[in-house]
Amino acid sequence: MKVVGVVAVVLLVLLGTINGVVLVESRSKSRRKSNEFEYSYSAISCRSKSVSLAGFGGVGDGTTSNTKAFQSAINYLSRFSSESKGGSLLYVPPGKWLTGTFNLTSHFTLFLDKNALLLASQDENEWPLLAPLPSYGLRGNSTGGRFSSLIFGTNLTDVVITGDNGTIHGQGESWWKKYRAGELNHERPFLIELLFSENVQISNITLIDSPNWNIHPVYCNNVIIQGITILAPVTSPNTDGINPDSCTNTRIEDCYIVSGDDCVAIKSGLDKAGIAFGMPTKHLIIRRLTCISPTSAVIGLGSEMSGGIQNVRAEDIVAINSESGVRIKTGRGRGGFVKDIYVRRVRMSTMRWVFWMTGKYSLHDSSGGYDPDALPVIDNINYLDMVAENVTMAGSLDGISGDPFTGLCISNVTIGLAKKAKKLQWNCTDVSGISSGVVPKICELLNDQGSEKRTACDFPQDILPIDDVKLNKCFFRA
């Protein structure tokens, strides 16, 4: 897709819908009362105390650092960080707020006005170094440690990052240049990362040009991510959209992502460290996602999946000009498992592959934590009710010799081919399963059950606990 085409899609998204899918919906409203505005918004918890960043020395001129102002405000609000005290809210008013890393507190809401722009500092001194994640070891070109994310928190309860579609701009280009030139000794920062936290909501904000991954909940429980717009150049390195990592009970919905990497990447640790930590990502819902990612996947599982991935349910997905629709990426040494995966009602246009699985991925923990005898288990993978057009190749499904991917099921899938499509549409090795109603004709390793079993693949009907979480109508004045 040409740049003009991408811009056109972005404009359509910002107006509200594309292909009938609601992408971004502001859940907050404001009205004036005397000299104040009263804001309403939806959240997992409402707050009894609210303050403005401007009251703590914040200067929204785009050049003054507000790192101390953010942390001073949050330190003050931490005295309300218990359920009995009602929690607190920090309002970021209109302006351009330059800042480095700041840490959140519990029972806390960060609310961005629709005209608020957070600008990530380009001064490395404003990005503290953290130890590697315990389920990872060293990744990429890191020789030790990683930069803290812009918005960070650990061991928190009841945290909300939301707004009236305010914007967080990562100013990532300088980081991308340093990364490509080999000038960084530590892993680039993410925009939002929460560790070991529960009852988390991230909603109704726009993220632009992250230095690295955009949203990274890791070792978290009960996470809702909704109404998010994520934009990055499609050539930017590792700008994954949303990466749930060793999390339980997560709901991702109504998001629009243009990315230089996977739009949603499901992870659970790397090699020996991930196997030892042993915390899977499970009970994950993804719905009403629209993605543009010409060099990567709409939904990726792995390659960091050594703690396991289980019970993922994705539906009502729109993929445009992306490398692959659903991708499972693993290899010898990963260990772990990917099982009980269910994907349905996906519409795709201009794709390199619709389905891609590989057991030959060979990038490993650079600190040496890699056991070639640790083999992954890939089982019970279900894809149904999908339509694609302008596709180069229907599927590349490659398991591991001696460790095949099993229990694959693909049904009711129609794939329209590009003018320069591959002659071989399906490449299948070391996989087994069934299929029905697939066009073009699928490989023999996925035994065709015939047209009478077009709904052979499974999609669970039970309700996951995270789907029972309802948002409250909340108010504050600023």
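Of the 478 residues in the chain, 60% count as buried (under 20% relative accessible area, with exposed over 50% and partly exposed in between; 1.4 Å probe, protein chains only). The model is predicted: local features need pLDDT of at least 70, side-chain atom pairs count only at pLDDT 80 or more, and totals for chains, interfaces and linings use all residues. Residues are numbered from 1 along each chain as its sequence is written, and side-chain values use heavy atoms, leaving out hydrogens and water.

Four helices and 34 strands make up the secondary-structure count (DSSP runs numbered from the N terminus; helices are H or I of at least four residues, strands E of at least two). Contacts (heavy atoms within 4.5 Å) were examined between residues at least 6 apart in sequence; 78% of these join residues at least 24 apart.

The chain holds 20 salt bridges (a side-chain nitrogen of Lys or Arg within 4 Å of a carboxyl oxygen of Asp or Glu). R477 and E38 form one of them, at 3.7 Å from N to O. R477 lies in strand 34 and E38 in strand 4, so the pair ties together parts 439 residues apart in sequence. R477 is partly exposed at 43% relative accessibility, whereas E38 is buried at 10%.

R334 and D271 also pair, with their closest N and O atoms 2.7 Å apart. R334 sits in the loop between strands 27 and 28, D271 in helix 4, 63 residues away. R334 is buried at 1% relative accessibility, and D271 is buried at 0%. Elsewhere, salt bridges with shared partners join R251, E253, D254, R287, R288, E315, D316, R344, R345 and D467 into one network.
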